[in-house]
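Welcome! Open your viewer, and let's walk through this structure one selection at a time.

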Amino acid sequence: MRDIAVFSGTAHPDLAAEICTHLGVPLLPVRVSRFANDCLEVQLQANCRERDVFLIQPLVPPVQENLVELLLMIDAARGASAGRITVVLPHYAYARSDKKDAPRISIGARLVADLLTSAGADRVLAMTLHSPQVHGFFSVPVDHLHALRELATHFRRYDLSNTVVVSPDLGNAKEAAAFARLLGTPVAAGAKQRFSDDLVKISAVIGEVTDRDVIVLDDEIAKGSTVVELMEHLRGLKVRSIRLACTHGLFSGDALQRLSDQDGVLEVVCTNTVPIPAAKRVPKLQVLSVAPALAEAMRRIHNGESVSALFA
């Protein structure tokens with residue numbers, strides 16, 4: 001069997017190191033330098049020849065820098081005669097750009113998928129894509145993980161007898177329903193209309209939430225405008241308490257502090273698919289690790305075992 005070789009870009013080295021700890025393999029060194037004309041250069045500082053190479057890099061701000069760094073890592077591995085190159089994308093930022101919803105608009109999710117494949121990626125391991133169908137933009141195999149088990153394990157510590165899971169919109173309702181099944185609770189959803197990146201309107205909440213403890217589940221929270229709008233409706237419907245949960249805690253600007261300060265919010269829960277600076281963290285924040293899940297998926301890919309069996 002080919003040896004495994006794991007490298008990380010500069011986007012989230014802490015997650016990569018934790019994954020390698022669970023795999024029981026070293027995180028191999030990468031040198032990233034910059035020419036005088038601002039171009040990046042990447043060198044993988046360990047042998048790749050005929051090895052099973054995994055490149056870990058979430059697309060987080062600065063997204064374009066991290067994307068180019070990832071493309072150069074893939075190219076370096078291909079040029080070094082890697083046996084197979086698997087890109088591990090804990091967060092695929094361009095997954096939000098998945099449809100043509102305005103004239104002459106780009107579809108970034110498809111373009112970036114093409115770039116990764118053209119650079120030499122043989123396989124992709126992703127976590128909670130914004131739209132599940134985005135994996136169809138790739139012309140190479142994609143293993144699509146989710147963090148619902150990690151989130152469910154966390155929330156099972158509480159009394160859920162009067163709890164309902166609420167999706168901010170109908171697009172995320174399927175994931176919210178799956179999460180509700182794991183918790184054994186009902187599910188509800190907001191009827192949302194988006195006017196711009198930070199302007200949304202929720203006209204109604206579909207489902208029974210009055211006098212209940214609410215867990216709001218979304219795939220990612222960036223500015224938090226959707227969640228804030230939803231919470232206004234939930235408070236108007238007299239919910240007892242609110243907990244916020246997501247896989248990707250992007251929390252741009254002061255979003256985390258604003259969400260934490262909202263009336264009725266007991267907790268904000270996310271995973272470590274993206275790095276959260278210490279300066280942004282608040283007492284109500286709980287960060288769960290997906291490193292064990294990613295490590296197990298990587299082990300199964302390396303050994304030729306089923307990854308879908310993880311969710312059976």
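**First stop: a buried helix**

Select Leu-148, Glu-150, Leu-151, Ala-152, His-154 and Phe-155: these residues of helix H4 are buried. The helix spans residues 148-155, and because six of its eight residues are buried, H4 is largely enclosed by the rest of the structure. Keep in mind as you look that this is a predicted model.

What covers the buried residues of H4? Bring up helix H5 (173-183) and helix H8 (291-303), then strands S12 (213-221), S13 (241-249), S14 (265-271) and S15 (285-288), which are among the elements covering them.

**Next stop: the six-stranded sheet**

Now move to an open sheet whose six strands pair in parallel, in the order S2-S1-S5-S6-S7-S8. Colour S2 (27-28) and S8 (142-145): these strands stand at the edges with a single partner strand each, so one side of each has no neighbour in the sheet.

Inside that order, select residues 84-89 for S6 and 123-127 for S7; the two strands pair in the parallel sense over four bridges.

Then show helix H1 (residues 13-23), which lies across S1 (4-8), S2 and S5 (52-56) and runs at about 160 degrees to S1.

**Last stop: an annotated span**

Finally, select residues 5-120, where an unreviewed UniProt entry places the feature "domain: Ribose-phosphate pyrophosphokinase N-terminal". The end C-alpha atoms of this span lie 16 Å apart, and the span is 34% helix and 23% strand.

Definitions and conventions
Residues numbered from 1 in each chain as written. Predicted model: local features only at pLDDT ≥ 70, side-chain atom pairs only at ≥ 80, totals over all residues. Heavy atoms only, no water. Pairing = 2+ DSSP bridges. Contact = heavy atoms within 4.5 Å. Axes fitted to C-alpha atoms, helices over the stretch in contact; angles between N-to-C directions. UniProt positions renumbered as here; feature names shortened; annotations may be inferred. Buried < 20%, exposed > 50% of the residue type's maximum accessible area, 1.4 Å probe, protein only.
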